[in-house]
Amino acid sequence: MKKRWFCLTLALLLCLGSVHAVGEEKFPAVNVYPGYADVKETAWYYDNIRLCNEVGLMNGTDKGFQPEKTLTVAECAAVAARIRASLTGEAIPGVTPLPGETLPWYQQYLGYMSSADATLTPMLAHPEEPCSRLQYLLLLNAALPSEQQLLNAINSITSLPDTDDDTILKFYNAGILTGVDEQGTFDGDKPLTRAECAAMVSRIVRPELRKSFVPAPSPGQSTGSPDTQIALWVNNQAVTAEALTGWALRIAYQLDSYYYSNFGARLSWTDELEQDILSEAQRYAATYAIVDEMAEQLGCTTQELPAALTPSPSQDTLREYIQGENILCAKHILVSDTDTVNAILDGLKSVPTLDQFNALLTVFGTDPGMTANPNGYLFGPGEMVSEFENGVKALEFNSYSTEAVQSTYGYHIIWRLDPLDHPDLISQYRNFVLDGLVEQAFAVASIQPIEEVIADIDLPAAYTAYLESLTARQ
């Protein structure tokens, strides 16, 4: 598979955020997505709803999923309670009715969330009323008190058109909220729809779905300050110094986190490093502008763009993509010793079926990624350890390795699957198409940096202030 820097850029633009293992550990897939007639694959909320269903946090109704239906306070409390229970490992306490009393279905959820945060009690006293965006955010905030790593900031927003409340900004800066317009307006009194709820929940569950966001200037807002001076023109679209600094801060934060987690060291600023980060930030900003321009031309959001470009790829097209990019798909049972390997192989020899493999995987498998990827890993060259990749290539579709493959992780017993059957293949193909189109557009784009404005950006000072603002909000 050809590697492009655009792949990383588009992942940041369309999915966003540094990936934290806590999401998959705390919220493993437990259901198979049934599909809903009222949730089209081209809808902006399709992936959000599918994920929420797979991890058991939101289900459909007897009329489908009803993405535009308004949720009640009780329904939102139930979702928040399930999130909190998943994070803490607690069971949601039941409620015993008095003799002759029939309690509503939601009573246990109200009690659980009220015990988590007593300030929610007045709101929870009206469970049948429509839940507003602000009320739901307060419920989510109560569901996450001991898991603040799930709210690591990827944005640096200090105010919004209608609020500067720290709790609300925390969710914006974590990439869970982007507001109801380009300016990031929160609109806290607006009733919450099921699709909006699913979007917030899915971004908590899988940090890679989070959204990088720089609020656009409000109509009529002055652009004379240094932060709002134009630093870059991309096809006649202006990128402000503030926006460019925002991209640079994200890159610096990811580098800093990588250095610290792998080497125990922090960023050491040099002129060369600062220029490299600002140069890469210009690439990100330009790519964002190009993607935004493409979405505007098609009349869709950036999240809807991949599906809008390739709404219904044929089986032949997908097979050509699989072959051209050497896409592989497989499950494996990872164990640490040869005795367990022999026991598994004996079980498969007697019943050589995928159902038997899955049963043995449930009992013996030690890779948590298999729980998060129940349909198997879908990957290209170089994305897995070489021993595992070569082991998959050596098999025919729907066959297993009769001898374990050893790597630094342990012993792998592999079952190769056809990538065409993987439910994520279409989404992966769509992003591949978008990646190529953006690369082409980037090659011919008119990109004009305003060097004197960029030279005035003091990135080390901005990063220090950024880290101080994160500390102040914790």
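# Notebook: cores, cysteines and ring pairs

**Entry 1. Leu139 and its surroundings.** I started at Leu139, which touches Val73, Cys76, Ala77, Ala80, Met113, Leu120, Met123 and Leu124, leaving aside residues up to four places away in sequence. A reminder to myself before going on: this is a predicted model.

I then asked which residues of the largest nonpolar core touch the most other members. Leu139 is one of them, together with Ile83, Met113, Tyr136 and Val201, in a core of 63 residues. Helix 3 (46-54) and helices 4, 5, 6, 7, 8 and 9 each supply at least two residues of this core. Helix 4 gives the most, with 11 residues. There is also a second, separate core of 39 residues, and I noted Leu249, Leu267, Ala286 and Ala295 among its members.

**Entry 2. Helix 7.** Next I looked at helix 7, residues 133-143, where Arg133, Tyr136, Leu137, Leu139, Leu140, Ala142 and Ala143 are buried. What do the buried residues of helix 7 pack against? I found helix 4 (73-88), helix 5 (107-116), helix 6 (121-124), helix 8 and helix 9.

**Entry 3. Phe186, a loop residue.** I moved on to Phe186, which sits in the loop between helix 8 (166-173) and helix 9 (194-205). Is Phe186 buried or exposed? Its relative accessibility is 3%, so Phe186 counts as buried. I listed its contacts, again without residues up to four places away in sequence: Arg133, Leu134, Leu137, Asp162, Thr163, Ile168, Tyr172, Leu177 and Val180. Two of these, Arg133 and Leu137, are among the buried residues of helix 7. For Tyr172, 14 residues from Phe186 along the chain, I noted a C-alpha separation of 9.4 Å.

**Entry 4. Cysteines.** How many disulfides does the structure hold? The count is zero. Cys131 is in no disulfide, and the nearest cysteine sulfur, that of Cys76, is 3.5 Å away. Cys131 is buried, with a relative accessible area of 0%.

Cys197 has 0% relative accessibility and counts as buried. Cys76 had already turned up in my list of Leu139 contacts.

**Entry 5. Ring pairs.** I counted 19 aromatic pairs in the structure. The one I opened was Tyr253 with Tyr466, an edge-to-face pair with 6.1 Å centre to centre and 80° between the planes. Why did I pick it? Tyr253 lies in helix 10 (residues 241-263) and Tyr466 in helix 20 (residues 459-473), so the pair ties together parts that are 213 residues apart in sequence. Tyr253 counts as buried at 18% relative accessibility, and Tyr466 counts as buried at 4%.

Tyr466 has another partner: with Tyr463 it forms a tilted pair, 6.2 Å centre to centre and 40° between the planes. Tyr463 and Tyr466 are three residues apart in helix 20, so about one helical turn separates them. The general rule is that an α-helix has 3.6 residues a turn, so residues three or four places apart point the same way. Tyr463 counts as buried too, at 3% relative accessibility. Elsewhere, ring pairs link Tyr33, Tyr36, Tyr46 and Phe65 into a cluster.

Entry 6. In helix 13, residues 315-324, I found Leu318, Tyr321 and Ile322 buried. Seen down the helix axis, the buried residues fall within an arc of 100°, so they line one face of helix 13. Which residues are exposed on the other side of helix 13? They are Asp316, Glu320, Gln323 and Gly324. The cover over the buried residues includes helix 18 (425-444). Just after helix 13, Asn326 takes a positive phi of about 55°.

**Entry 7. Whole-protein totals.** The secondary structure comes to 20 helices and eight strands. Of the 474 residues, 47% are buried. Among contacts between residues at least 6 apart in sequence, 72% join residues at least 24 apart. The accessible surface is about 22600 Å², and carbon and sulfur atoms account for 50% of it.

Terms used: Residues are numbered from 1 along each chain as its sequence is written. This is a predicted model: local features need pLDDT of at least 70, side-chain atom pairs count only at pLDDT 80 or more; totals for chains, interfaces and linings use all residues. Side-chain values use heavy atoms; hydrogens and water are left out. Buried means under 20% relative accessible area, exposed over 50%, partly exposed in between (1.4 Å probe, protein chains only). Helices (H or I, at least four residues) and strands (E, at least two) are DSSP runs, numbered from the N terminus. The arc is that of the directions from the helix axis to the C-beta atoms. Contact means heavy atoms within 4.5 Å. Accessible areas come from the Shrake-Rupley method with a 1.4 Å probe; for residues, only the protein chains shown count as cover. A disulfide is a pair of cysteine sulfur atoms within 2.5 Å. A nonpolar core is a set of buried Ala, Val, Leu, Ile, Met, Phe, Trp, Tyr and Cys residues joined through side-chain atoms within 4.5 Å. Rings of Phe, Tyr and Trp (its six-membered ring) pair if their centres lie within 6.5 Å; planes under 30 degrees apart count as stacked, over 60 as edge-to-face and the rest as tilted.
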